[in-house]
Amino acid sequence: PLKRLGISYFSFVRSFKDGTHIRLSNNADWTAHYYARSFYNVVLHQVPNKDCNILWSSIDKYPLFSDASEHFDVDNGTVIVIKSDDVVERYFFGATRENYHVNHLY
């Protein structure tokens, strides 16, 4: 159903207080790159640990979001953050570089 909205990328990250996390994504190549570059440490600093919805265009794109855009055509996205007592959940939705109109949907 996300493709009908122009969303081609989805990722879910649940971070625990002890520093561990679970990550699910529909883009295996980007996920491999994400772990190879230790971007899981970057996302914890770029995306707050509080309930919010952030357009990627408002986050510093170096290096996490610029790599996703330039090498994997994952761009024009948003992240929804939901915090509970023990975990922080982040839901990432993205589109292609050319599909900047999807930002109006978010």
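I54 stands opposite V79 in β4. Strand β3 covers residues 52–55, strand β4 covers residues 75–83, and the two pair in the antiparallel sense over four bridges. Two strands count as paired if DSSP finds at least two bridges between them. Strands are DSSP runs (E, at least two residues) and helices are runs of H or I (at least four), numbered from the N terminus.

β4 also pairs with strand β5, residues 87–95, in the antiparallel sense over seven bridges. Here K83 stands opposite V88 in β5. β4 and β5 form a hairpin, with three residues between them.

## Basis of the model

This is a predicted model: local features need pLDDT of at least 70, side-chain atom pairs count only at pLDDT 80 or more, and totals for chains, interfaces and linings use all residues. Residues are numbered from 1 along each chain as its sequence is written, and side-chain values use heavy atoms, with hydrogens and water left out.

## The cavity

How many cavities of 30 Å³ or more does a search of the whole structure find? It finds one. A cavity is a set of points, on a 1 Å grid over the protein atoms alone, where a 1.4 Å probe fits but cannot get out. The largest cavity has a volume of about 100 Å³, the space filled by probe spheres set on points joined across faces, edges and corners.

Its lining has 13 residues, each with an atom within 4 Å of a point. Closest to the centre are Y9, W30, L64, F65 and F92. β1 (9–16), α1 (28–36) and α3 (64–72) each supply at least two lining residues. The lining divides into eleven nonpolar residues, one polar and one charged. Nonpolar means Ala, Val, Leu, Ile, Met, Phe, Trp, Tyr, Cys or Pro; charged means Asp, Glu, Lys or Arg; the others, Gly among them, are polar.

Definitions and conventions: On a 1 Å grid over the protein atoms alone, a cavity is a set of points where a 1.4 Å probe fits but cannot get out, and a pocket is an open set with protein on both sides within 12 Å along at least five of seven lines; lining residues have an atom within 4 Å of a point.
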